[in-house]
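Good morning. Please look at the sequence and the model first.

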Amino acid sequence: MRKIIAMLLAVLFVCGALAACGGNNNANNNSKTDNKGTADTASTADQKPAATGFKAGFIFLHDENSTYDLNFINAAKAACENLGVECIIKTNIPESNECKEAALDLADQGCGMVFADSFGHEDFMIAAAKECPDVQFCHATGTKAHTEGLDNFHNAFASIYEGRYLAGVAAGLKLNQMIEEGKITAEEAKIGYVGAYTYAEVKSGYTSFFLGARSVCPTATMEVQFTGSWYDETLEKEAATTLINNKCVLLSQHADSMGAPTACENAGVPDVSYNGSTVSSCPNTFIISSRIDWTPYMELAIKAAMNGDKIDADWTGTLATKSVALSEINDKAAAPGTAEKIAEVQKGLEDGSIHVFDTATFTVKGETLTSYKADVDTDEAYTPDTEVISDGYFHESEFRSAPYFDLDIDGITLLNTAF
């Protein structure tokens, strides 16, 4: 009898080892877990039951209170529901080894594809991918997939600089309206921008937004205040208040809370938000918002993982793939003719007659650039390695999906640069 029990225990041990990192081999495991974060499955009330038996796992830095993470959460749920896939979500997973633990746990639960949404998750996702070669690991905003050479680790981003440019056009039109109505002079058309860090992703975002505004309001200038955090409502509100006190007459942001929009609504200052409309909370000041719609990529990655198809190491979504999206315009705050002008400019972006980083539209220290090497193949020293200016424009997100535009152009003043 003892021998029989020992044999049964051995079989169970082997089965358990095979299940670990086994992709969708555990498709019938419907357990919920809490790995220093929150896990939800497709069995929750707001989702249809999984139809395929496939599981997709998602790791998010914050939860629904972060506009950034909420945008990803909504996309994950939509993609899984569209494909009949079970959706397991972990929220509030920091940029630490807890991310690797969460990724491995999702793999152990039978997820065939695991996705993480924050830049600092990347190294931990790579470590998990090396331990679980049969699971596909996808990561937003990262920079290393195209040089790591792993068949099961992938980066993705989108040409959101085009969305920010379009949102900037709406901002510039609002500035023109304020000038025409005598509320400000042309020289007072100063934009304030709340940024998280001085990373290329943030610089690319506020520069494209500024260039969009200046394309229709040539006297526009900008001040940027950094917070040193992706999500800190108090710091973001304080940064916005600083900019408003500096006589910035319109604000935008690359930070994840309602801090800046709330400060704008309280002060009656027009605002362009990011990652989704804030019109319900800021009905008098919200103009428009740009965001990446992650649903197309998530569907692509899930389908590929289900079918055993190849996933690009580095994928860039575009206006054409519906990965770059704008919210509805709030006519109460936007200038007349905003929708028509945005449609006109978007057509130009799509047909290539307009380039966001056209070098004829900006200077650096008074000089027009004809050449620039960017750090595309990221190393610890951030060594420039790739020529990114040709045909008269800076080719953003073409050599790598994550932004690498890190120039400080004339017309933009950085109030602090410690982050």
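**Charged pairs, a helix pair and a strand residue**

Lysine 190 and glutamate 223 are both buried; buried means under 20% relative accessible area, exposed means over 50%, and partly exposed is in between, with a 1.4 Å probe and protein chains only. The side chains of these two, lysine 190 and glutamate 223, form a salt bridge, 3.1 Å from N to O. A salt bridge here is a side-chain nitrogen of Lys or Arg within 4 Å of a carboxyl oxygen of Asp or Glu. Lysine 190 is in strand 7 (residues 190-195) and glutamate 223 is in strand 8 (residues 221-226), so the pair ties together parts 33 residues apart in sequence. Helices (H or I, at least four residues) and strands (E, at least two) are DSSP runs, numbered from the N terminus.

Before I go on, some notes on the source. This is a predicted model, where local features need pLDDT of at least 70 and side-chain atom pairs count only at pLDDT 80 or more, while totals for chains, interfaces and linings use all residues. Residues are numbered from 1 along each chain as its sequence is written, and side-chain values use heavy atoms, with hydrogens and water left out.

Now the overall counts. The protein has eleven helices and 18 strands. Of its 419 residues, 54% count as buried. Take the contacts between residues at least 6 apart in sequence: 69% of them join residues at least 24 apart. Contact means heavy atoms within 4.5 Å.

Back to the charges. Side chains of opposite charge can pair when their charged atoms come close. How many salt bridges does the structure hold? There are ten.

One of them joins lysine 203 and aspartate 408, at 2.9 Å from N to O. Lysine 203 sits in helix 7 (residues 200-216) and aspartate 408 in the loop between strand 17 (393-394) and strand 18 (412-414), so this pair ties together parts 205 residues apart in sequence. Is lysine 203 buried or exposed? Lysine 203 is buried, because its relative accessible area is 10%. Aspartate 408, at 41% relative accessibility, counts as partly exposed.

Another salt bridge is between lysine 130 and glutamate 148, with the closest N and O atoms 4.0 Å apart. The two are 18 residues apart, with lysine 130 in helix 4 (residues 122-131) and glutamate 148 in helix 5 (residues 145-148). Lysine 130 counts as exposed, at 54% relative accessibility. Glutamate 148 counts as partly exposed, at 33%.

Next, the helix pair. Helix 8 (residues 233-245) and helix 9 (residues 259-267) pack at an angle of about 45°, and their axes are 7 Å apart. That makes helix 8 oblique to helix 9. Angles under 35 degrees count as roughly parallel, over 145 as roughly antiparallel, 65 to 115 as roughly perpendicular, and the rest as oblique. On the helix 8 side, the residues that meet helix 9 include Glu233, Lys237 and Ile244; among those on the helix 9 side are Gly259, Cys264 and Ala267. The residues of this contact divide into six nonpolar, four polar and three charged.

Last, isoleucine 389, which is in strand 16 (residues 389-390). Isoleucine 389 counts as buried because its relative accessibility is 7%. Leaving aside neighbours within four places in sequence, isoleucine 389 is in contact with Thr359, Leu369, Thr370, Ser371, Tyr372 and Phe394. From isoleucine 389 to phenylalanine 357 is 32 residues in sequence and 9.4 Å in space, C-alpha to C-alpha.

Conventions: Axes are lines fitted to C-alpha atoms, for helices over the stretch in contact, and angles run from 0 to 180 degrees between N-to-C directions. Ala, Val, Leu, Ile, Met, Phe, Trp, Tyr, Cys and Pro count as nonpolar, Asp, Glu, Lys and Arg as charged, and the others, Gly among them, as polar.
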